Amino acid sequence: MNFLQNWRKRHTTAPGVAVYGAVREDPEGVAELLSECELLRTRAWQNKLELDDSPTSLEALDQLPPRWREDPEELPWLGNDAGLYLGTVIVRTVPGASWDVWPSGQPVVRLVSGRVIDVVDAGLTWAATGAPELFQVYAEASEA
């Protein structure tokens with residue numbers, strides 16, 4: 001993930017530990033980095049879809065033809081971006097939701113209820129299989 005590579009260049013601490021601490025020191029900066037999702041945004045744009053960080057855009061992503069499945073090198077990167085985008089939408093639209101990072105460096109979303117959503121895993125699963133749909137994960141998070 002690009003943001004982790006840039007982060008590692010600036011820190012001598014172990015990568016997971018550096019990001020883990022950064023989310024507490026600069027949550028807005030980490031949120032900005034996590035929201036980039038460059039590959040996903042490029043593929044969406046190529047399909048005339050604007051990702052505006054809204055739940056509606058998740059529904060539109062769910063409808064895209066999964067051409068990325070034809071490219072085994074792109075699939076995990078796109079899935080990772082899809083998960084980060086899902087997390088971005090949740091954090092920006094579900095009251096009390098926030099980014100958290102496990103000590104391993106894995107970004108997750110923590111809901112006000114205490115529930116933790118591994119959005120990257122959800123994005124990877126969606127990219128590979130189409131299920132669960134991104135909007136479905138969002139809907140469950142918004143109900144919690």
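Select D100 and R110 to begin: the side chains of these two residues make a polar contact of 2.9 Å. The model on screen is a predicted one.

**Stop 1: D100 and R110**

Keep both residues displayed. The pair also counts as a salt bridge, with the closest N and O atoms of R110 and D100 2.9 Å apart. It links distant parts of the chain, since R110 belongs to strand 2 (residues 107–110) and D100 to strand 1, 10 residues apart. To see the strand around D100, select residues 98–101, which make up strand 1.

Is D100 buried or exposed? D100 counts as buried because its relative accessibility is 9%, and the cut-off for buried is under 20%. R110 has a relative accessible area of 31%, so this residue is partly exposed.

**Stop 2: the whole chain**

Zoom out and colour by secondary structure. The protein has eight helices and three strands. Followed along the sequence, the elements come in the order α-α-α-α-α-α-β-β-β-α-α. Of the 144 residues in the protein, 44% are buried.

Four salt bridges are present in the structure. The bridge between R110 and D100 was visited at the previous stop; the next stops turn to others.

**Stop 3: D53 and R41**

Select D53 and R41. Their side chains form a salt bridge, with an N to O distance of 3.0 Å. This pair joins distant parts of the chain: R41 is in helix 4 (38–46), while D53 is in the loop between helix 4 and helix 5 (55–62), 12 residues apart.

The two partners can be compared by accessibility. D53 counts as buried because its relative accessibility is 15%. R41, at 23% relative accessibility, counts as partly exposed.

R41, D53 and R92 are linked in a network of salt bridges.

Most residues other than glycine have a negative phi.

**Stop 4: E74 and R43**

Select E74 and R43. These residues form a salt bridge in which the closest N and O atoms are 2.8 Å apart. E74 lies in helix 6 (residues 74–93) and R43 in helix 4, so the bridge ties together parts that are 31 residues apart in sequence.

E74 counts as buried because its relative accessibility is 14%. R43 is partly exposed, with a relative accessible area of 24%.

How far apart are the C-alpha atoms of R43 and L78? The separation is 8.7 Å, although R43 and L78 are 35 residues apart along the chain.

**Stop 5: C37**

Select C37, which is in the loop between helix 3 (27–34) and helix 4. C37 is another residue other than glycine with a positive phi, here near 45 degrees. The relative accessible area of C37 is 3%, so C37 is buried.

**Stop 6: A131 and P132**

Select A131 and P132 and show the backbone atoms. The peptide bond joining A131 and P132 is cis, with omega about -5 degrees. Most peptide bonds are trans.

**Stop 7: a charged patch on the surface**

Switch to a surface view and select E25, D26, E28, E32, E36 and E38. Together these residues form a negative surface patch.

E25 lies in helix 2, which covers residues 15–25. Why does E25 count as exposed? E25 counts as exposed because its relative accessibility is 69%, and the cut-off for exposed is over 50%.

**Back to the start**

D100 is buried, with a relative accessible area of 9%, whereas E25 is exposed at 69%. D100 is bridged to R110, and E25 is part of the negative patch.

Terms used: Residues numbered from 1 in each chain as written. Predicted model: local features only at pLDDT ≥ 70, side-chain atom pairs only at ≥ 80, totals over all residues. Heavy atoms only, no water. Helix = DSSP H or I, 4+ residues; strand = E, 2+ residues; numbered from the N terminus. Buried < 20%, exposed > 50% of the residue type's maximum accessible area, 1.4 Å probe, protein only. Polar contact = N/O pair within 3.5 Å; in protein donor to acceptor, adjacent residues only side chain to side chain. Patch = residues over 30% accessible without salt bridge, like charges linked within 9 Å, V, L, I, M, F, W, Y side chains within 5 Å. Areas by Shrake-Rupley, 256 points an atom, 1.4 Å probe, with all protein chains shown as cover. Lys, Arg positive; Asp, Glu negative; His and termini not counted. Charge placed at Lys NZ, Arg CZ, Asp CG, Glu CD.
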